[in-house]
Amino acid sequence: MPYRPSARMKKTLIGTGITVLLAGLNAPATLGFAKERYHEYRINQPEYKAQYGSWQLVDVPPQYRTNAIHAALLHTGKVLLIAGSGNKQDRFDAGSFDTILWDPKDNSYTKVATPEDLFCAGHTQLGDGKLLVAGGTARYEQLGDNVKRAGGGMIVKNENPDKPHTFPKGTRFRAPDGTEYVSDFPVVVPRAKKETDEDGGVTVTASEARVFVEAVKEGRASVTAKPAQYEIVGLKGKDADNLYGLAEKLTLDDQDFQGIRDTFEFDPVAERYIRVDPMREARWYPTLVTLSDGKVISVSGLDDIGEIVQGDNEIYDPATKKWTAGPKRYFPTYPALYLTGENQLFYSGSNAGYGPADKGRDPGIWDLKTNSFTVVDGMTDPDQLETSSSLLLPPAQDARVMVLGGGGVGESRKSTARTAIVDLKERTPAYKEGPALPQGTRYLNSVILPDDTVFTTGGSRDYRGRSASDIRRAQFYDPAKNEFRAAADPSIGRNYHAEALLLPDGRVATFGSDPLFADKANTRLGTFEQRVEVYTPPYLQGGRAETRPVIGTGPERLVPGRKAVFQTKDADRIAKVRLIRPSAVTHVTDVEQRSVEVGFEREDDTVRLSVPGDRALLPPGWYMLFLVDEDGTPSEAKWVHLP
């Protein structure tokens, strides 16, 4: 008898036929779906993970999602994510500022009260484990047609030697023609300086302070290009004579972001900001560097009227909580400065954002004691150092600095695949070209791992990921072989305002990204990336995490130049010991991270460490101690303090 399919079989065949027909009609979509599914299958295979590592999205509860502008690892093992207003003017106007603490151990979160807008501040690890945070945002930029009122800097003078004067926000300044301007911020003008000479003659030198003012009325009628003296509305008698304003010009030109002077120490134990004395200069986009004596230098930034600070750097002393004048040297904003000697910083040439293309861009060695600067030549694509990544290659004793990628100044579409390395131990240091990145890359984040490799991830070809140019790739750089090798690709694109840092368990966490647009045609505005993604390197795959070395008991406090003994049952297979300083990263600038080689001897179930004595190599602070076995597998870090 002939075969007759059942009714159920007929339905199945009809359904299959329709599926095949639809697949034929929509072949590209079907193939794309199949390719995506195969990729998901492939990257989850143990063999793949063992070679390339793996990524995992972190479950962040909605109430703790934030625009991570800054990320710093604290010695409690928690990560401080600072958003401030998070590049959102409505949040700035509302005074709504964010800081979140994330504990990667248990994926818990804590909101921290944020006293000022620390958006685009500077930060560095202090010797006692607190995080110094200085600067931030006083006012958002106004550009083009959004500038409705003439504005600019007003110098407020005080000729009274007997008392200072405080003017609140909203103080009015009246021009000779009656036009009025109002201050955007409060300002304190010190008392005038009074000097008496040998003959009893008295000289009074007026003091001054600066404040940004805007015209009370909108439009071009308030624009002036003539220097003038302005009376301060409301003052009478001698106060009106002694106190007045001076301005060169007040225009409708673009008005840049403006900085604040506020300074805080963030206490990782109390989990709160502690206000200390403010900086002398307001700063937005500054770099802070901890020096070998534990003091901190603050460099560059936009000031309180939106102009780049012209070399007026300053020094913070954690003992007194005060700032003093430092050596004068001009740099563009967020310059990448690395401590390489007792009184020496190396400027890699990497920077972020503001400053003319022909000033302060040359890499070089800065002697803080003599305030001399020696230019280091040899850089390929020197016009594309903005938004480049740079780091002190591991181990730090080698004194080699690497620059990776970068782009043209400002909103340039230029990007470069160039890497360059300089050996600062050479008699005449000069950059030499390194292996190229897979493509031109801006905003690349680079993280030093305990096995002496560098993990690089993310970035974009164009300015702020424009034209859908995010690069969802990652790779390792091996300093010993001077070559790159592929790593697993991240699922999230990261460009401007993105960060990456090493966690104490040996993984890498990535945060942020602030694209201009969400599509290739640049027609839809982008949204800030609030997801967190963590990378697990090959050295923790395929069961290696279960057999990694374990650090037992040992001292929490290490003394530079002295020995220290740590218990470990894995002593016989330890090949490297590293002290890694925790990151404090923003705008692809992380001058904190460094990996220092530690000499050691193996004795039964112990390792005896010989801690380097050079404080320029190991500036005061907390460090992660890693033991690394012969296969390159690191222990979990043990936190140690070098006061």
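The model is predicted: local features need pLDDT of at least 70, side-chain atom pairs count only at pLDDT 80 or more, and totals for chains, interfaces and linings use all residues. Residues are numbered from 1 along each chain as its sequence is written, and side-chain values use heavy atoms, with hydrogens and water left out.

**Domains**

- The domain assignment gives domain 1 (59–141 + 257–330), domain 2 (144–247) and domain 3 (548–642); such bounds come from an automatic or database domain assignment.
- The C-alpha centres of domain 1 and domain 2 lie 30 Å apart.
- Seven residues of domain 1 are in contact with seven residues of domain 2, where contact means heavy atoms within 4.5 Å.

**UniProt records**

- An unreviewed UniProt entry lists "domain: GlxA-like beta barrel" at residues 149–250. UniProt positions use the numbering given here, feature names are shortened, and annotations may be inferred rather than shown by experiment.
- Residues 149–250 are 6% helix and 47% strand, with end C-alpha atoms 9 Å apart. Helices (H or I, at least four residues) and strands (E, at least two) are DSSP runs, numbered from the N terminus.
- The unreviewed entry also places "domain: Galactose oxidase-like Early set" at residues 548–641.
- That span, 548–641, is 0% helix and 45% strand, and its end C-alpha atoms lie 23 Å apart.

**Nonpolar cores**

- The largest nonpolar core has 49 residues, and Ile297, Leu345, Tyr431, Phe566 and Leu579 touch the most other members. A nonpolar core is a set of buried Ala, Val, Leu, Ile, Met, Phe, Trp, Tyr and Cys residues joined through side-chain atoms within 4.5 Å. Buried means under 20% relative accessible area, exposed over 50%, and partly exposed in between (1.4 Å probe, protein chains only).
- This core draws at least three residues from each of domain 1 (59–141 + 257–330) and domain 3 (548–642).
- A second, separate core of 39 residues includes Tyr52, Val79, Ala509 and Trp639.
- Leaving aside neighbours within four places in sequence, the contacts of Tyr431 include Phe346, Pro363, Met379, Val401 and Ile421.

**Strand 7 and its partners**

- Strand 7 (residues 131–134) points Leu131 and Val133 one way and Leu132 and Ala134 the other, and all are buried.
- Strand 6 (residues 122–125) pairs with strand 7 in the antiparallel sense over four bridges. Two strands pair if DSSP finds at least two bridges between them.
- His123 stands opposite Val133 in strand 7.
- Strands 6 and 7 form a hairpin with five residues between them, and Gly129 in the turn has a positive phi of about 100°.
- Strand 20 (residues 263–267) runs antiparallel to strand 7, joined by four bridges. Glu265 in strand 20 is the bridge partner of Leu132.

- An open sheet of four strands has the order 22-23-24-25, with antiparallel pairing.
- Strand 22 (287–290) and strand 25 (322–325) stand at the edges; each has a single partner strand, so one side of each is left without a neighbour in the sheet.
- Strand 24 (residues 314–317) and strand 25 run antiparallel, joined by four bridges. Tyr316 stands opposite Trp323 in strand 25.

**Tyr285**

- Tyr285 lies in the loop between strand 21 (272–276) and strand 22.
- Tyr285 is buried, with a relative accessible area of 2%.
- Beyond neighbours within four places in sequence, Tyr285 is in contact with residues including Cys120, Thr333, Tyr496 and His587.
- The C-alpha atoms of Tyr285 and Asp362 are separated by 19 Å, with the two residues 77 apart along the chain.
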